[in-house]
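I opened this structure to look up two things. My notes follow, beginning with the pockets and ending with the sheet.

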Amino acid sequence: MNLQQLKYVLEVANKGSMNGAAKDLFISQPRLSNTIKELEKEIKTPLFIRTNRGVTVTNKGSEFLGYARQVLQQFSMLEEKYLSEEPSKQHFCVSTQHYTFAANAFVELVKEFGGDEYEFTLRESKTYEIIDDVKNLRSELGILYLSNYNESVLLKMLKERNITFSKLFTAKPHVFISKDHPLSEKKSIHLDDLNEYPCLSFEQGEYNSFYFSEEILSTRVVKKSIKVSDRAAIVNFMIGLNGYTISSGVFPKFLHGNDIITIPLNIDEIIRVGIIKHRDVTLTRLGEIYVDALKKFAEQL
């Protein structure tokens, strides 16, 4: 196995086609195909399913690609530090549940890095996809929460995928509502107070188990429910429909002014927000900067 083979595999995966990858790599399609077959034979693992319409990455191939990306990124950093006169474009990706502080830490990463060229990705995604991104090294880090309800299931899932969880902070549940909501003057809110208002939550797609919900009390029966896929929609529905959602209470005002407020929920539950990382991966410098930014926000909280 060599670096050239890893580059070939990644290019084929990105293009979804041997022919397309061969053109971009400036080699013949038969040569590329034979190189991939030799690698698959060496590692005793099929990386792609070949069809007339192109290629599809296998499940084991997806895991292999994650390690390949990590190796090539580390090699690129070595080249930049010791061989290259000009720095190469830096890549970094994090997958997270819909937390404003995660985006805020991302801003700090970009400011501190300050490079001339970079390609950074912040994926606000579904819980299962966050775990899958970290497992397959598409993302260096993930951010999600644990509660008394989902902890045993998610920790078992993380362990099976060789992923670690490191707590950032612990918070009591809060109800997020607009400043003009009928409940906005309350010092604390009981679940019964919420019965007549729309409950807002993030949809989880195919993997919609209660354990993957981004909101605690996901098994609670409500009269009105609206599921959305992005944070902006939830804010709009809080303001326009007197909707609510339940989360950690972390909601920086500079992102949405004073339109949204948080009120403690009167319930015996806690939320543990943390970072997930593949156990076999050493954080890059960009990953270290991002984690430091997250910890600073956690200290402020």
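**Entry 1: the largest pocket**

I looked up which elements line the largest pocket, and α1 (3-15), α4 (59-82), β3 and β4 each give at least two residues to the lining. The model is predicted, so I note that local features need pLDDT of at least 70 and side-chain atom pairs count only at pLDDT 80 or more, while totals for chains, interfaces and linings use all residues. Residues are numbered from 1 along each chain as its sequence is written, and side-chain values use heavy atoms, with hydrogens and water left out.

I take helices (H or I, at least four residues) and strands (E, at least two) as DSSP runs, numbered from the N terminus. A pocket is an open set of points on a 1 Å grid over the protein atoms alone, where a 1.4 Å probe fits, with protein on both sides within 12 Å along at least five of seven lines; lining residues have an atom within 4 Å of a point.

I read a volume of about 840 Å³ for the largest pocket. It is lined by 26 residues, and L10, R69, L72, Q73 and H91 lie nearest its centre. Helix α4 supplies the largest share of this lining, eight residues. By type, I find eight nonpolar, nine polar and nine charged residues in the lining.

**Entry 2: the second largest pocket**

I next noted the second largest pocket, with about 370 Å³ of space. Among its 20 lining residues, S201, S213, E215, S218 and K227 are the closest to its centre. Two or more lining residues come from each of β8 (199-202), β9 (225-228) and β10 (245-247). Strand β8 gives the most, four residues.

**Entry 3: the sheet**

I then traced an open sheet of five strands, in the order β4-β3-β5-β12-β6, with mixed pairing. Strands β4 (118-124) and β6 (163-171) are at the edges with a single partner strand each, so one side of each has no neighbour in the sheet. Two strands pair if DSSP finds at least two bridges between them. Strands β3 (residues 90-96) and β5 (residues 141-146) run parallel and are joined by three bridges. I also noted that T96 has I143 in β5 as its bridge partner.

Helix α5 (residues 100-113) packs on the sheet and touches β3, β4, β5, β6 and β12 (271-278), in contact by heavy atoms within 4.5 Å. The direction of α5 makes about 175 degrees with that of β4. Axes are lines fitted to C-alpha atoms, for helices over the stretch in contact, and angles run from 0 to 180 degrees between N-to-C directions. Helix α6 (residues 127-135) lies across β3, β4, β5, β6 and β12, at about 140 degrees to β5.

Conventions. Grid points are joined across faces, edges and corners, and a volume is the space filled by probe spheres set on the points. Ala, Val, Leu, Ile, Met, Phe, Trp, Tyr, Cys and Pro count as nonpolar, Asp, Glu, Lys and Arg as charged, and the others, Gly among them, as polar.
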